[in-house]
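Here is a walk through one protein model, from the whole chain down to single side chains. Please keep the sequence and the 3D view open while reading.

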Amino acid sequence: MPSVVAVSLLCAAGALASQHAFAQTARPIDPGTSVSARPLDAAPSSAQTADDALKDDFAQRQKVLDRRTEENNYRYGVKQHDCYSKFFVNHCIDNARNEMRETRQQIRQEQLALDDEQRAERAKQRDQQTAIKRAQYEAEAPQRAVNEKASQQAYEDKQRKNALAAAQRSAEAPQRAANQAAYDRKQADYQKQLDDARARGVQDAQDRELKAQRYEQKQQEAAQHRAEVEARQKEAARKAQEKAQQQEQERQEQLKLQQQQQQGK
């Protein structure tokens, strides 16, 4: 099994190799900057390959430590079982336990070293990402300045347009007011015409109703007059007939009286 010192040296060599590969394969974004960039469809750089190799190395070493832990526990269980067939059981179990603890301590030391290396690698990657982001931010500063200037110019242009529009609206305000007043007068006149037309319609309807009532009254008066005339005519005809009958009766009586006088002679 590799010692703790050997493992530590191996990890340190791997970290140095990764840093060296990253330094030689980095490609700047813009001239004068140190920001590395790679197209999305480009092949992985040697720095990325080294990082992946280091991650694989960490994973393999972790698997070795896990396997050694399982083997240590398994050997201790076997030895503990075998001790029960021996005469000095407790002494055998103590030896097996001490051997197991010693191996466990070695594995723990190597695990701590591996954890330290992984933390150091993660910290280094965070520092690298921070440096890249800082370099990118600095490299983009001129473009940001251009964009901010363009935004400021656009804002000022918009403000000037708004001011011109406001001035134009202010200048056109009297004309708009006059147009609105003329429109209001026109609407008022139109409304008055409508009201007058409605009033005339109501008055005409009332006049027609009054004329109809007057006509009906005249018709009734004419009918009553005709009835009265017919009644008077009938009464006059009756009286004339009675008078004629009376005169005829008187004539008949005179004739009768004359005949009687002639017969008496």
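A residue counts as buried when its relative accessible area is under 20%, and as exposed when that value is over 50%. The model discussed here is predicted.

By this cut-off, 13% of the 265 residues in the protein chain are buried. The accessible surface of the protein chain is about 21,200 Å², and carbon and sulfur atoms account for 53% of that area.

The secondary structure of the chain consists of four helices and zero strands. Along the sequence the order is α-α-α-α. Contacts can also be sorted by how far apart the partners lie in sequence. Among those between residues at least 6 apart, 62% join residues at least 24 apart.

Next come two of the helices and how they pack. Two packed helices are described by the angle between their axes and by the distance between the axes. Helix α3 covers residues 89-139 and helix α4 covers residues 141-264. Their axes lie 4 Å apart and form an angle of about 45°. On the α3 side the contact involves Tyr137, Glu138 and Ala139; on the α4 side it involves Ala141, Pro142 and Arg144. Sorted by class, this contact of α3 with α4 has four nonpolar residues, two charged residues and no polar ones.

Is Glu110 buried or exposed? Glu110 is part of helix α3, and its relative accessibility is 6%, so Glu110 counts as buried. Glu110 is 49 residues away from Arg61 in sequence, while the C-alpha atoms of Glu110 and Arg61 are 9.4 Å apart in space.

Gln111 also belongs to helix α3. Which residues does Gln111 contact, leaving aside its neighbours within four places in sequence? They are Gln62 and Leu65. With Gln62 there is a polar contact between the two side chains, at 2.9 Å.

Key. Residues are numbered from 1 along each chain as its sequence is written. This is a predicted model: local features need pLDDT of at least 70, side-chain atom pairs count only at pLDDT 80 or more; totals for chains, interfaces and linings use all residues. Side-chain values use heavy atoms; hydrogens and water are left out. Helices (H or I, at least four residues) and strands (E, at least two) are DSSP runs, numbered from the N terminus. Buried means under 20% relative accessible area, exposed over 50%, partly exposed in between (1.4 Å probe, protein chains only). Contact means heavy atoms within 4.5 Å. Accessible areas come from the Shrake-Rupley method with a 1.4 Å probe; for residues, only the protein chains shown count as cover. Axes are lines fitted to C-alpha atoms, for helices over the stretch in contact, and angles run from 0 to 180 degrees between N-to-C directions. Ala, Val, Leu, Ile, Met, Phe, Trp, Tyr, Cys and Pro count as nonpolar, Asp, Glu, Lys and Arg as charged, and the others, Gly among them, as polar. A polar contact is a pair of N or O atoms within 3.5 Å; within protein, one must be able to donate a hydrogen and the other to accept it, and residues adjacent in sequence count only if both atoms are side-chain atoms.
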